[in-house]
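Subject: Structure for you to look over

Hello,

Here is the structure I said I would pass on. My notes on it follow below.

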Amino acid sequence: MEFSLIDTIVAPGSLSFLFQPIVHAAGSSYELHAYEALTRGPAGTNVHAADVLFEYVRRKQEEVRVDRLCVAGALRAAVLLDPGARLNLNVHASTLTRDAGFPDYVCAQAAAAGIGAERLVFEIVEYAPGSTGAPFAAALEKLRRHGCAIALDDVGLGNSNYRMILDSRPDYYKVDRFLADGAAADPYRLAIIRSLASLAGAVGATVVAEGVEAEEDVAALRSAGISLFQGFFFGRPKPAAEQAAGPWMSKQTMSEQKTFEEA
Amino acid sequence: MRQMLVIDDERVITLAIKNYFTRLGSAVDTAAEREEAEALLATRRYDVVIADVRLEGMDGREGLDILRFVRERCLDARVVLMTAYPSDSTEATARHLGVDAFLKKPVPLQHMANVVDSLLRVAR
């Protein structure tokens, strides 16, 4: 084949980035905690949708090249976002294993964009048993030395299991929408989430409930010990410029604004 | 609506099949590479998959890989393979893997539609 879809994906300007808020429940109000960067593939192709894009990239074994492009592109786009919010970036476990230069590369890209490494949270996706080991642990250690946090994506699904929790010691457990959506009406879902919140709390980590779309689920999840939420109920993925226009504000930005108003 | 995936590295062929079946009321995705097709099959649901046996060069038998992918994952899709270079061994392998129809190119679109209709009429 003369021209592969992967060439289209890695061409300059092919990828675009949306950002979705992750909010923190604080008493009766909510404040912005982070944005997750979400990649979209080239418009008008099968890989515009993220799930098809990354399935394709993994089958082509191009995770390292595409992860680097995604992270660099997302960081450039994220300069418009509230600087008080963290920035969640997805990375394949295989990239961390194969690409020893990844931690230094992304932190250099962040510095070039004026984003401190301590704002970054790396969401590990698609852990495959046996794919990790010493290089994976070394990459996580390096990211942590830079000040970055680690999140484990899709906890409760597929390969994001207890072994991966042990391997990655995440700061955030991202609980898949499969568990969070409909939790209010399902005691089983709620019991699993409560157990994950308890597990995370015991090791100083925090659970993020993904795919939250209904107010009753938010209330149920809060009663189960969840304080970080992501989903359509709180905000859809949008370009950085639209997210920057509101309505969410980080605690830091809120307090700065308050100080400014008081002055 | 019937969901179809058409896989061929000759875009003029996928476009012709897509246009024909779209006019008949199907929703048709197309792919030119094995990996692209597998990414779609892993994330979307299809009633019918039509694939050329050769996607990458004269020796390719990627269509058989796609058939194997569908069968191994127990996806509920009818698989039609087509080839301009039929051989007994390729057809035997396709039959062994559970192909639903094996057609020699060029395939008149009306004939392809008849084959697809007959496959979908038979319950699995």
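How many residues of chain B are in contact with chain A? This is a predicted model, and in it 12 residues of chain B are in contact with 10 residues of chain A. On the chain B side, two elements each give two or more residues to the contact: β2 (27–31) and α2 (34–43). The largest share comes from α2(B), with seven residues. Sorted by class, the side of chain B that touches chain A has seven charged residues, four nonpolar ones and one polar one.

Within chain B, helix α3 (residues 62–72) packs with helix α4 (residues 88–97) at an angle of about 10°, and their axes are 10 Å apart. The angle is under 35 degrees, so α3(B) is roughly parallel to α4(B). From α3(B), the residues Leu64(B), Leu67(B), Arg68(B) and Arg71(B) meet Thr93(B), Ala94(B) and Leu97(B) of α4(B). By class, this contact has four nonpolar, two charged and one polar residue.

Then the core. The largest nonpolar core has 106 residues. Those that touch the most other members are Phe122(A), Val175(A), Ile193(A), Val207(A) and Leu221(A), together with Leu5(B) and Val49(B). What is Val207(A) in contact with, leaving aside its neighbours within four places in sequence? The residues are Tyr173(A), Val175(A), Leu196(A), Ala197(A), Ala200(A), Ile226(A) and Leu228(A). In soluble globular proteins, nonpolar side chains tend to be buried together.

Regards

Conventions. Residues numbered from 1 in each chain as written. Chains lettered and ligands numbered in written order. Predicted model: local features only at pLDDT ≥ 70, side-chain atom pairs only at ≥ 80, totals over all residues. Core = buried A, V, L, I, M, F, W, Y, C linked by C-beta atoms within 7 Å. Buried ≥ 20, exposed ≤ 12 C-beta atoms within 10 Å, placed from the backbone. Contact = placed C-beta atoms within 7 Å. Helix = DSSP H or I, 4+ residues; strand = E, 2+ residues; numbered from the N terminus. Nonpolar A, V, L, I, M, F, W, Y, C, P; charged D, E, K, R; others polar. Axes fitted to C-alpha atoms, helices over the stretch in contact; angles between N-to-C directions. Parallel < 35°, antiparallel > 145°, perpendicular 65-115°, else oblique.
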